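Subject: Structure handover

Hello,

Here is the structure for you to look at. My notes follow below it.

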Amino acid sequence: MPVGLPEFVENPENRCPVILLLDTSTSMMGDPVQELMQGVRIFKEEVHRDTKAALSVEVAVVSFGPVELLQDFVTIEQFTPPPLWAEGLTPMGEAIDYALDLLDHRKAVYKTYGIQYYRPWIFMITDGAPTDDWHGAAERLHAGEAEGKYCFFAVAVQGADVVKLQQIAPPNRPPILLNGLDFQGLFVWLSNSMKRVSSGQVGETLALPPVGWGQVVL
C-alpha cells in the first residue's frame with residue numbers, strides 16, 4: 001500500500017479536477033487577456049467561498065501561445081491565479097494533447113493513492129484559429145469524451161474560428177460563443193458548476209446552470 005502524499009493525507013476529499021486551457025496568443029493582447037485574468041481570479045474567489053468545493057476542486061492552468069504549464073493541479077485553497085500575457089501563435093492541437101497528457105498523469109496519481117474523483121473538465125478559451133495540426137488531437141479528444149473520461153468545453157471569444165472549433169469540440173458539446181468579453185459571467189458559471197459537481201456523488205449526472213454568458217454555436 002503506497003504511503004499517502006501529504007496533500008491527500010491532509011485532505012482526502014474526492015477530487016474535482018479542472019484544466020483551464022487558455023489561449024494567450026498575440027490576438028488576446030489588451031482587454032481580452034486582462035479580462036481573462038480577472039475572470040480566473042473571480043473563479044478562485046467564488047469556489048473558495050464554498051467549503052466543500054474548496055477542498056475538492058483542483059485546478060491546473062495551461063496557456064498556449066506557446067504551450068506552457070502555468071499551474072499544475074492544486075486545490076482552490078492553494079491556487080494563486082497566474083499572470084497572463086499575450087504572445088506568439090495559437091498551437092491549439094499541441095495544447096489539447098498537453099492537457100490530455102496532464103490529466104492522464106493526475107488521474108494515475110489519484111489511482112495510486114486511492115483518491116476518488118469526479119469526471120474531469122477541460123475548459124478551453126480561444127479567440128483565434130489553430131496554427132498547428134489539430135486533427136490528431138481532436139480525434140483523441142472525441143474518443144476520450146465518448147468514453148466518459150472527461151468533459152471538454154470550447155469557448156469562442158470574438159474573432160475565433162468557429163468552424164474549426166465545431167470540428168474540435170465534441171459532437172455532443174458544441175462551442176459556446178462568449179458574449180463580448182463577459183469572462184466574469186463565464187467564470188461565475190464555471191464556479192457554480194464546480195460547486196454542484198463537488199456536492200454530488202462520483203459518477204452522478206447533474207444538471208448544470210443555464211449558460212447566460214454565451215450562445216451555443218450549432
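This is a predicted model: local features need pLDDT of at least 70, side-chain atom pairs count only at pLDDT 80 or more; totals for chains, interfaces and linings use all residues.

Residues are numbered from 1 along each chain as its sequence is written, and side-chain values use heavy atoms, with hydrogens and water left out.

Aromatic pairs

The whole structure holds 10 aromatic pairs. Rings of Phe, Tyr and Trp (its six-membered ring) pair if their centres lie within 6.5 Å; planes under 30 degrees apart are stacked, over 60 edge-to-face, and the rest tilted. Phe8 and Tyr113 have ring centres 6.0 Å apart and planes at 45 degrees, so this pair is tilted. The pair links distant parts of the chain, 105 residues apart: Phe8 is in helix α1 (residues 6–10), and Tyr113 is in the loop between α4 (92–112) and β4 (121–126). Helices (H or I, at least four residues) and strands (E, at least two) are DSSP runs numbered from the N terminus. Phe8 is buried at 4% relative accessible area, whereas Tyr113 is partly exposed at 26%. Buried means under 20%, exposed over 50% and partly exposed in between (1.4 Å probe, protein chains only).

Phe123 and Trp189 also form a tilted pair, with 6.2 Å between centres and 35 degrees between planes. This pair too links distant parts of the chain: Phe123 in strand β4 and Trp189 in helix α7 (residues 183–199), 66 residues apart. Phe123 and Trp189 are both buried. Ring pairs join Trp121, Phe123, Phe153, Trp189 and Trp213 into a cluster. The charged end of Arg173 sits over the ring of Phe153, 4.8 Å from its centre (the criterion is NZ of Lys or CZ of Arg within 6 Å of the ring centre and within 35 degrees of the ring normal).

Helix packing

α4 and helix α5 (residues 135–146) pack at about 35 degrees with their axes 8 Å apart. Axes are lines fitted to C-alpha atoms, for helices over the stretch in contact, and angles run from 0 to 180 degrees between N-to-C directions. The contact (heavy atoms within 4.5 Å) involves Gly93, Ile96, Asp97, Leu100, Asp101 and Asp104 of α4, and Ala137, Arg140 and Leu141 of α5.

Ser193

Ser193 lies in helix α7 and is buried, at 0% relative accessibility. Leaving out residues up to four places away in sequence, Ser193 touches Trp121, Leu208 and Pro209.

Regards
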